[in-house]
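Trainee: I am new to this structure and would like a close look at a single part of it. Please show it first.

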Amino acid sequence: MAEKLRALTEVDRLVHEPARLLLLTILNTVASADFLFLQRETGLTKGNLSAHLSRLEAAGYVEIEKTFKGKLPLTVCKLTTKGKKALTGYRQQLQDFIQKTSEA
Amino acid sequence: MENNLLHVEQRIKRYWYTDGIGELIGGGMFILLGGYFALQEFLGQNSIISAILQVSLIVVLIGGMALGRWLIHTLKAQLTYPRTGYVEYEVDAHRMKSRRIWVMMLAFAISALTMVFVRLFQAFDSIVAVTGVAVGLILVILRAKSAGLTRFYVLGAVSIVLGLALSVSGLPNGYSLGLFYGLMGLSFMLSGGLTLQRYLEENPLPRDAEQ
């Protein structure tokens, strides 16, 4: 049983943080989303959101691009293939953990 | 936790409809289509202009959809993106190409059916009933299921009831179809307009536009 519980410590901590998990989940649902949309959906402050996005970008999970939609400047975020794999892997790990501990 | 994440995903997918702009523009397109059918009826079967209008229906439909898509994106860039942000949805390129082919085939089928019924069978009234049910079931209720929004179920019901009611109204050929599209267009515009009004009231422009 202890070994099954210990499996939880092996999850990707970058994904495991609630705000980043929410960000990755949102970005997994869309092709891309801008900073304002992510801020409103997560309820994070600008500084907090920037910090989390920077960490995800540094890990290669998210791509950030400053662009224009017509005349409107946008900071657009997109989930990378690596980020998608990390999120899928994390969700699978949690499902396995829940299944194993409920069998016990 | 998995349920919470699924709830987040559903809410994100619903974001496209949050401003009502799609319904507003779609409603306008429906009204124009209604005017098209009513004009055909007014001009009569022997009119050269009416014949030209009939063969150009497919151009009208495809052109209308392209114009509608441009208007929706332009209005969203002006009203929605500065207020609540920009989202681009995943598009499967292969699926999009298939979907465009199906839409073109549907447009062609509607054109051909309309011409056949008007010219050969004079059974124009059944067109309104079929159209009402088709719009209700295929276009609106499927949308309602994917978006999970009550107003689309209501619009679907309105479409079916309107189509069936107009098919037994005894109105002259063409006017019943024109009236169907016109009234459905107004319904869409009312729904979209009220949704947009509420959206603008609940989401003022942020003071700080800098990100």
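What is the orientation of α3(A) and α4(A) to each other?

Mentor: This is a predicted model, in which local features need pLDDT of at least 70 and side-chain atom pairs count only at pLDDT 80 or more, while totals for chains, interfaces and linings use all residues. Residues are numbered from 1 along each chain as its sequence is written, chains are lettered from A and ligands numbered from 1 in the order in which they are written, and side-chain values use heavy atoms, with hydrogens and water left out.

α3(A) and α4(A) are oblique to each other. Their axes come within 11 Å and cross at roughly 125 degrees. Axes are lines fitted to C-alpha atoms, for helices over the stretch in contact, and angles run from 0 to 180 degrees between N-to-C directions. Angles under 35 degrees count as roughly parallel, over 145 as roughly antiparallel, 65 to 115 as roughly perpendicular, and the rest as oblique. Helices (H or I, at least four residues) and strands (E, at least two) are DSSP runs, numbered from the N terminus.

The crossing of this pair is right-handed; a crossing has that name if the near helix is turned clockwise from the far one by less than a right angle, and is left-handed if anticlockwise. From α3(A), A:L22, A:L23, A:I26 and A:L27 take part in the contact, and from α4(A), A:F37, A:L38, A:E41 and A:T42. Contact means heavy atoms within 4.5 Å. By class, the residues of this contact are six nonpolar, one polar and one charged. Here Ala, Val, Leu, Ile, Met, Phe, Trp, Tyr, Cys and Pro count as nonpolar, Asp, Glu, Lys and Arg as charged, and the others, Gly among them, as polar.

α3(A) also packs against α5(A). The axes of these two helices come within 10 Å and cross at roughly 70 degrees, and α3(A) and α5(A) are therefore roughly perpendicular to each other. A:A19, A:R20, A:L23 and A:L24 of α3(A) meet A:L49, A:H52, A:L53, A:R55 and A:L56 of α5(A). Six nonpolar, one polar and two charged residues make up the contact of α3(A) with α5(A).

Next comes the core. The largest nonpolar core has 31 residues, of which A:V15, A:L24, A:L38, A:L53 and A:V62 touch the most other members. A nonpolar core is a set of buried Ala, Val, Leu, Ile, Met, Phe, Trp, Tyr and Cys residues joined through side-chain atoms within 4.5 Å. Buried means under 20% relative accessible area, exposed over 50%, and partly exposed in between (1.4 Å probe, protein chains only). The elements that give two or more residues to this core are α2 (13-16), α3 (18-29), α4 (35-42), α5 (46-58), β3 (72-79) and α6 (81-103) of chain A, together with α1 (2-14) of chain B. α3(A) gives the most, with six residues. Leaving out residues up to four places away in sequence, A:L24 touches A:V15, A:L56, A:Y61, A:V62, A:L79 and A:L87. Another core, of 23 residues, lies apart from the largest one and includes B:L33, B:V128, B:F152 and B:L177.
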